[in-house]
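Please keep the sequence and the three-dimensional view at hand while reading.

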Amino acid sequence: MDDRNNTIAGWALFAGICALGLTIGTGMLGASHAPEKPGFPIEDAEAGGGGGAAAVPLPNLLAAADPAKGEAVFAKCAACHTINQGGANGIGPNLYGTMGEAIGQGKGGFAFSDALKSVGGNWDFEKMDHWLTSPRKFAAGTKMSFAGLSSPEDRANLIVYLNAQGSNLPLPTPEAAPAADAAAPAEGKDGAAPAAEGDKAAAPAEGAAAAPAEAKK
């Protein structure tokens, strides 16, 4: 009888241990844990999170451009174009003296597409920049298979290099940088900074707070 009671007690103890283990395991699986390294928050594109820097105007890019770098970029064009004076046309026309020329005309009888001929005007800096960005968008139906240059700096470097090959058009005047925001006025009457003791305050410029005058020696 004692053996039977001991057996029943043993099985009951074993069942209890198993139930306790299952409870602990289930709790561990269901528990939420913070990640060791928190992820980066994803900004809501529609709500806006601050736009990128404004594009640099083309005249400013041209002013800072390097013809030597443009010559390196021209290596992408050399399979179809020559650029030396009197060079032969190939798959594309010779490009010597192109800047300032009529679009889709001349070039020793090169057969330009009707799409390019219909653009009209001359190759100025802005038109050349648009052409190098995407020939197909500039002249839909063009025979030019080149996809374009996505980098504004590469385009500017290439344009000044092309311009130096028999054209030498004056570069457009760079646009002035926007004026820095006026500094917040110091505490004082009407927002003006107090003048140093014994000095007269300088007259403020229109729309700006007056700065303290330099102390007299």
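## Basis of the report

Two residues are said to be in contact when they have heavy atoms within 4.5 Å of each other. The model is predicted, so local features need pLDDT of at least 70 and side-chain atom pairs count only at pLDDT 80 or more, while totals for chains, interfaces and linings use all residues. Residues are numbered from 1 along each chain as its sequence is written, and side-chain values use heavy atoms, with hydrogens and water left out.

## Overall architecture

The chain contains seven helices and zero strands, which gives the pattern α-α-α-α-α-α-α along the sequence. Helices (H or I, at least four residues) and strands (E, at least two) are DSSP runs numbered from the N terminus.

Of the 217 residues in the chain, 24% are buried. Here buried means under 20% relative accessible area, exposed means over 50%, and partly exposed lies in between, with a 1.4 Å probe and protein chains only. Among contacts with a separation of 6 or more, 43% join residues 24 or more positions apart.

## The nonpolar core

A nonpolar core is a set of buried Ala, Val, Leu, Ile, Met, Phe, Trp, Tyr and Cys residues joined through side-chain atoms within 4.5 Å. The largest such core has 29 residues, and those with the most contacts inside it are Phe-74, Leu-116, Met-128, Trp-131, Leu-158 and Leu-162. Two or more residues each are given to this core by helix 2 (58-64), helix 3 (67-74), helix 4 (114-117), helix 5 and helix 7. Helix 7 provides the largest share, six residues.

Not counting residues up to four places away in sequence, Trp-131 touches Leu-116, Trp-123, Phe-138, Ala-139, Thr-142 and Met-144.

## The largest pocket

Rolling a probe the size of a water molecule over the atoms shows where empty space is left. On a 1 Å grid over the protein atoms alone, a cavity is a set of points where a 1.4 Å probe fits but cannot get out, whereas a pocket is an open set with protein on both sides within 12 Å along at least five of seven lines; lining residues have an atom within 4 Å of a point. Grid points are joined across faces, edges and corners, and a volume is the space filled by probe spheres set on the points.

The largest pocket has a volume of about 590 Å³. Its lining comprises 31 residues, of which His-81, Gly-92, Pro-93, Trp-131 and Met-144 lie nearest the centre. Helix 5 (125-133) and helix 7 (152-164) each supply at least two lining residues, and helix 5 gives the most, with three. By class, the lining has 19 nonpolar, eight polar and four charged residues; Ala, Val, Leu, Ile, Met, Phe, Trp, Tyr, Cys and Pro count as nonpolar, Asp, Glu, Lys and Arg as charged, and the others, Gly among them, as polar.

## Helix 7 and the segment after it

Asn-163 is found in helix 7 and counts as buried because its relative accessibility is 6%. A polar atom of its side chain lies 2.9 Å from the backbone nitrogen of Leu-169. This is a polar contact, a pair of N or O atoms within 3.5 Å; within protein, one must be able to donate a hydrogen and the other to accept it, and residues adjacent in sequence count only if both atoms are side-chain atoms. Beyond its neighbours within four places in sequence, Asn-163 is in contact with Met-99, Phe-125, Asn-168, Leu-169 and Leu-171. The C-alpha atoms of Asn-163 and Phe-125 are separated by 9.0 Å, although the two residues are 38 residues apart along the chain.

Gln-165 lies in the segment after helix 7. A polar atom of its side chain is 3.3 Å from the backbone oxygen of Tyr-161. Leaving aside neighbours within four places in sequence, Gln-165 is in contact with Ile-83, Tyr-96 and Gly-97. Asn-168 is also placed in the segment after helix 7; this residue has a positive phi of about 55° although it is not a glycine, and it counts as exposed at 55% relative accessibility.

## Two loop residues

Lys-107, in the loop between helix 3 and helix 4, is buried, with a relative accessible area of 13%. The side chain of Lys-107 reaches the backbone oxygen of Asn-94 at 3.2 Å.

Val-119, in the loop between helix 4 and helix 5, is partly exposed at 31%.
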